[in-house]
Amino acid sequence: MYYFALLLGPESTDEPDAASHAEIMSAYETFHAKFGSAIRAGDALLPSATGARITGGPDAPVVTDGPFAEAAEVAGGYYVFEADNLDDALTIAAAIPACQHGAVEVWPMVEYMPPTEPLNNTWIALLLEPADSVLAPGTPEWNEIAAQHGKFAAQVGARANGGAPLHVPSTATTVRVRDGEVLLSDGPYIEGAEVANGFHILNVADRDEAIKVASMIPATTIELRQLMGISGL
């Protein structure tokens, strides 16, 4: 089964010094060396100041430039794992260095559609919905929304380069590691908060095109972030 892992943590406005950067990269190289056989995709994200949030839906999109000051923890990266079960996925997630100072949300995917084109100037569009209005996969309402996403992908062609819908929040788990202890928290999350509902990977020419394409996605809120392009550790 496939799992989506969203890396969350406080966002610093300062660049790490050379020694700290090397330490971070070494930690992720160690993680990839140990669990690379289970990793199907993933990357770090550029700072939220370069991203955007889109609300209002395709008919009347409203674009707000980052950073997102209201968020205590900001998405800093993502992975897609293939694991036999949730316990195995959580074991992998707990080894991600981001767990040491932030958190990793682990979501089972309904279906994973991997990229079919090379990743080039790539953005991730995180689909967010209020936790109390997320639709259960397989219901008529969910199927209708899924069909809308299929139409979106057909409309934008190769600019839509993979993605996945996620299962409902009650199936997700947040992983933290503090003083060597793995701490697991189950969903659902804080009432009224927006939660991940899926994602699209977008291959576009620039930020303006990323916003234009993402504005066509049928979702309540879209957090649009550019991939850093360091997935091949």
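Predicted model: local features only at pLDDT ≥ 70, side-chain atom pairs only at ≥ 80, totals over all residues.
**Figure 1. The protein chain and its secondary structure.** Four helices and twelve strands make up the list of elements in the protein chain. Along the principal axes, the C-alpha atoms fill a box of roughly 45 × 35 × 35 Å. The radius of gyration is 17 Å, which agrees with the value near 17 Å for a compact globule of 233 residues.

**Figure 2. Burial and contacts across the protein chain.** Of the 233 residues, 45% count as buried. Take the contacts between residues at least 6 apart in sequence: 82% of them join residues at least 24 apart.

**Figure 3. Surface and charges of the protein chain.** The accessible surface comes to about 11,500 Å². Carbon and sulfur atoms account for 54% of that surface. The protein chain has 10 positive and 31 negative charges. Their mean positions lie 4 Å apart.

**Figure 4. Arg-225 in strand S12.** Strand S12 covers residues 221-226 and includes Arg-225. The relative accessible area of Arg-225 is 1%, so this residue counts as buried, the cut-off being under 20%.

Figure 5. The Arg-225 side chain reaches a backbone oxygen, that of Ala-75. The distance is 2.9 Å.

**Figure 6. Residues around Arg-225.** Leaving out residues up to four places away in sequence, Arg-225 touches Leu-45, Leu-46, Pro-47, Ser-48 and Gly-51, among others. Val-74 and Ala-75 are also among its contacts, as are Trp-123 and Ile-124. Glu-11 and Phe-68 complete the list.

Definitions and conventions: Residues numbered from 1 in each chain as written. Heavy atoms only, no water. Helix = DSSP H or I, 4+ residues; strand = E, 2+ residues; numbered from the N terminus. Buried < 20%, exposed > 50% of the residue type's maximum accessible area, 1.4 Å probe, protein only. Polar contact = N/O pair within 3.5 Å; in protein donor to acceptor, adjacent residues only side chain to side chain. Contact = heavy atoms within 4.5 Å. Rg over C-alpha atoms; globule rule 2.2 N^0.38 Å. Areas by Shrake-Rupley, 256 points an atom, 1.4 Å probe, with all protein chains shown as cover. Lys, Arg positive; Asp, Glu negative; His and termini not counted. Charge placed at Lys NZ, Arg CZ, Asp CG, Glu CD.
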